[in-house]
Amino acid sequence: MQLYNTLSAEERAQLIDEAGKDRLTLSFYAYAKIEDPKKFRDELFIAWNALDALGRIYVATEGINAQMSVPADQFEAFRDTLEVYDFMKGIRLNVAVDQDNYSFLKLTIKVRNKIVADGLNDETFDVTNKGIHLKAQEFNNMLEDPNTIVVDFRNHYESEVGHFEGAITPDVENFRESLPIINEQLQDFKEETDNDENFSKKLGSLAEIYVNDAFSCSHRKQASIYSITKFVKKAYAGPLLEKEIKAIDLVIKNKKEPVTCIIGGSKVSTKIGVITNLIQKSNNIIIVGAMANNFIAYNKHNVGKSLVEENSENIIKKILEEAKKNNCRIIIPEDYATSKSFDGEPELKNNQSMLD
C-alpha cells in the first residue's frame, strides 16, 4: 500500500493542469493526545491521497498541524475524513483568501516530537487544556472589559504590520523566545490590576508629576491610575479628562428636565457606581450595547449566545430598586436585530419572539 509520494513536483503540477479543477488552500491545527502518531499518520495519508489532497502536515503525540491544498469539489469529502476523529469534529478550517492551485505539490505527513517548536516541556502542562474560539463580536466585547489581558504572539516584524491595541507584544524573532518575556509582563499586569502598592511605588519613582487624561479608565482602582497618586509629588487631571467632567457637570448641575442618560459597555459590575449616581440626577437612563443583554436576561427573555455577565442578577436588582425609589425610568431595548451567527442575515425580533 502506497504511504509516500511517488510523483515529482513537476509531474504533480502537470496532473493539476490536466485535471483543470480549482483547489483550496487551507490550514488547521488541533491539540489532542494521540497514542500512536505513526498509525494516525498512515490513516490520514491513505484517506487524503485518495482525494488528491496535498500539503505539509506534522503529527505528534500532542496533536496535528496542517497546511494543505484540496480540490474544491472534494472539500466536503475532505472534511468528512476529519470528522472520523472525535478531537477534529467541527474543527475550524482556515481557507486562504487568495487561492493558488500550486501551493502544495506533494502530500507530506511527518511524525514529529511536537507540532509546534515552542521549547516547552510537555510534562509541565496538558495540551488538551485549551480555551475556546471567540467570534469577532465576542472578542470585541471582551476587549471592553478592563480585566481582559490580550497577548499577541506575533513576532516583532508581524507586529509592525499590525497588532491589537494595548496588547502585550514581545519584541522577539519567534514564538519560543516570547514565552519567558510574556510571563514576566503578565506579572506586571497582575500587579497593575491588583492595585499593588509596591508596583505603584515603582511607577511613581519614574516621575514627579502624574497627569491622568483617560476619562474612560478613571473608574478603575488600579496601580497606574489610583495608587500611583500617593507616590508622586503632584497629580493632575489632563485637558481631555477636564473636558469630560465639565460636560457631565453641565448636564447634572445645570440640568433642564427631563434628563436622559445613555449608558453602554459590556459589564454592569464596573458601571454600578456611575449608574446609581446618575439615577439620583436623571429622569431616564437608557441601557444599550452588550450591557443591555444583562437586563434583558434578568427579565427572563432569551438572549441566545450573546454576551451576559455572570452573577449580575443582584446588581441589576439593586439598580432597579434604586431607580424606583428615585422615580427614574430604566429603559432597555424592546426589539433587536438577531442572528444565529455574527456574519448571518439579521432578523428583527421583539422580546416576545426571542425564542432562539
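Strand β1 (residues 23-31) and strand β3 (residues 63-71) run antiparallel and are joined by 9 bridges. Within this pair, Leu24 lies opposite Val70 of β3. The structure described here is a predicted model.

**The five-stranded sheet**

β1 and β3 belong to an open sheet of 5 strands with mixed pairing, in the order β4-β1-β3-β2-β5. The edges are taken by β4 (94-95) and β5 (107-111); each has a single partner strand, so one side of each has no neighbour in the sheet. Strands of a sheet are paired through backbone hydrogen bonds, in either a parallel or an antiparallel sense.

Helix α2 (residues 37-49) packs on this sheet and touches β1, β2 (54-60), β3 and β5. The direction of α2 makes about 170° with that of β5.

Is Arg41 buried or exposed? Its relative accessible area is 13%, and a residue under 20% counts as buried, so Arg41 is buried. Leaving aside neighbours within four places in sequence, Arg41 is in contact with Leu3, Val59, Ile109 and Val111. The C-alpha atoms of Arg41 and Ala60 are 9.0 Å apart, and the two residues are 19 apart in sequence.

**The three-stranded sheet**

Another open sheet has 3 strands in the order β8-β9-β10, and its pairing is parallel. Here β8 (260-263) and β10 (329-331) are the edge strands, each with a single partner, so one side of each is left without a neighbour in the sheet. On average, neighbouring strands of this sheet are turned by 20° against each other, direction ignored.

Strand β9 (residues 284-287) runs parallel to β10, and 3 bridges join the two. Ile285 has Ile330 of β10 as its bridge partner.

The loop between α11 and β10 holds Cys328. With a relative accessible area of 7%, Cys328 is buried. Which residues does Cys328 contact, leaving aside its neighbours within four places in sequence? They are Ile279, Ser282, Asn283, Asn284, Ile285 and Ala323. For Cys328 and Ile279, the C-alpha atoms are separated by 6.0 Å, although the residues are 49 apart along the chain.

**Helices packed against α11**

Helix α11 (residues 313-325) packs with helix α9 (residues 272-279) and also with α10. The table lists the angle and the axis distance for each pair.

| Helix pair | Angle | Distance between axes |
|---|---|---|
| α9 and α11 | about 15° | 9 Å |
| α10 and α11 | about 85° | 10 Å |

How are α9 and α11 oriented to each other? Their angle is about 15°, and angles under 35 degrees count as roughly parallel, so α9 and α11 are roughly parallel to each other. Their crossing is right-handed. From α9, the contact involves Ile272, Ile275 and Ile279; from α11, it involves Ile315, Lys318, Ile319, Glu322 and Ala323. This contact of α9 with α11 has 6 nonpolar and 2 charged residues, and no polar ones. Two residues named here also touch Cys328: its contacts include Ile279 and Ala323.

For α10 and α11 the angle is about 85°, and the range from 65 to 115 counts as roughly perpendicular, so these two helices are roughly perpendicular to each other. Which residues make this contact? Asn294, Phe295 and Tyr298 take part from α10, and Glu313, Ile316, Lys317, Ile319 and Leu320 from α11. By class, the contact of α10 with α11 divides into 5 nonpolar, 1 polar and 2 charged residues.

Not counting residues up to four places away in sequence, Asn293 touches Val303, Ser306, Leu307 and Val308.

**The chain overall**

The protein chain has 11 helices and 12 strands. Of the contacts in the chain between residues at least 6 apart in sequence, 66% join residues at least 24 apart.

Notes:
Residues are numbered from 1 along each chain as its sequence is written. This is a predicted model: local features need pLDDT of at least 70, side-chain atom pairs count only at pLDDT 80 or more; totals for chains, interfaces and linings use all residues. Side-chain values use heavy atoms; hydrogens and water are left out. Axes are lines fitted to C-alpha atoms, for helices over the stretch in contact, and angles run from 0 to 180 degrees between N-to-C directions. Helices (H or I, at least four residues) and strands (E, at least two) are DSSP runs, numbered from the N terminus. Angles under 35 degrees count as roughly parallel, over 145 as roughly antiparallel, 65 to 115 as roughly perpendicular and the rest as oblique. A crossing is left-handed if the near helix is turned anticlockwise from the far one by less than a right angle, and right-handed if clockwise. Contact means heavy atoms within 4.5 Å. Ala, Val, Leu, Ile, Met, Phe, Trp, Tyr, Cys and Pro count as nonpolar, Asp, Glu, Lys and Arg as charged, and the others, Gly among them, as polar. Two strands pair if DSSP finds at least two bridges between them. Buried means under 20% relative accessible area, exposed over 50%, partly exposed in between (1.4 Å probe, protein chains only).
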